[in-house]
Amino acid sequence: MFEIDPMPALNPSPQRIRLFKSETLERLTLISPRFFAAVWAVLLPAIAWTGWGTVGPFAGVGLVLAGLAVWSLFEYVMHRYMFHLESDVPVLKWFVFLMHGNHHDAPNDPLRSLMPLGASVPIALAVWGILVLLFASAGTWLFLGFMIGYVIYDVVHYACHHWAMKGRIGSALKRHHMRHHYVDESGNYSISAIFWDNVFGSKIRSLKR
């Protein structure tokens with residue numbers, strides 16, 4: 001049996017940037033891959049259970065696939081326009097660094113390669129509420145697809161930084177993201193659906209800085 005620690009130890013590490021003076025707040029910025037897997041292994045089925053029986057099986061599958069597609073575009077837009085927002089406003093600069101800039105300064109911190117629950121869960125609840133408001137019961141199935149897409153994105157992101165990623169698809173995903181980190185931060189914004197960088201003309205085509 002392995003232990004799942006929701007609050008990893010704050011061990012000194014050259015790979016870690018301290019974000020808060022408060023020990024409690026600092027711990028909330030960290031998440032281990034085991035705890036991430038355990039939480040979403042419960043939450044995704046719980047979302048499906050909530051929507052169970054509200055639409056037919058074929059409609060449910062179609063809505064989940066639509067949610068996945070929406071996530072793939074949201075992932076690109078979020079990374080490009082929010083995580084890399086440039087602003088002279090101090091509070092916005094701090095927010096961007098808190099959400100993503102620290103990851104670029106310390107890209108191989110294993111406890112900051114996944115989105116902590118303090119950020120992902122509130123955002124997820126807001127998205128769920130919006131989708132249900134717009135589409136009633138069908139919104140839950142759209143949301144399930146959206147969140148499956150999110151989990152795939154975060155797992156792929158973690159893998160790009162910490163796993164070998166062999167094989168044609170794995171190596172392509174890792175190469176795509178590593179170029180974003182080490183060649184040009186203003187390109188290759190997609191993580192799991194890398195075709196969007198081709199669609200929007202942001203694919204890095206030269207290895208020269």
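The second largest pocket has a volume of about 300 Å³. This is a predicted model. Fifteen residues line this second pocket, and those nearest its centre are Phe-83, His-84, Leu-85, Glu-86 and Val-96. Its lining holds five nonpolar, six polar and four charged residues.

The largest pocket comes in at about 490 Å³. Its lining counts 24 residues, with Leu-98, Met-99, Met-115, Pro-116 and Ala-119 closest to the centre. α1 (23-28), α4 (90-105), α5 (117-135) and α6 (138-162) each give at least two lining residues. α4 has the largest share, with six residues. By class, the lining of the largest pocket splits into 14 nonpolar, eight polar and two charged residues.

Now for confidence. Mean pLDDT for the chain is 92, and 92% of the residues score at least 70. α1 has the lowest confidence, at a mean of 94, and α6 the highest, at 98. Both of these helices supply residues to the lining of the largest pocket.

The start of the chain needs a separate word. Over residues 1-10, pLDDT stays under 50. The model still has 21 contacts beyond four places in sequence for residues 1-10. Where pLDDT is low, predicted coordinates should not be read in detail.

Terms used: Residues numbered from 1 in each chain as written. Predicted model: local features only at pLDDT ≥ 70, side-chain atom pairs only at ≥ 80, totals over all residues. Heavy atoms only, no water. 1 Å grid on protein atoms, 1.4 Å probe; cavity = no way out; pocket = protein on both sides within 12 Å on 5 of 7 lines; lining within 4 Å. Points joined across faces, edges and corners; volume = space filled by probe spheres on them. Helix = DSSP H or I, 4+ residues; strand = E, 2+ residues; numbered from the N terminus. Nonpolar A, V, L, I, M, F, W, Y, C, P; charged D, E, K, R; others polar. pLDDT = per-residue confidence, 0-100. Contact = heavy atoms within 4.5 Å.
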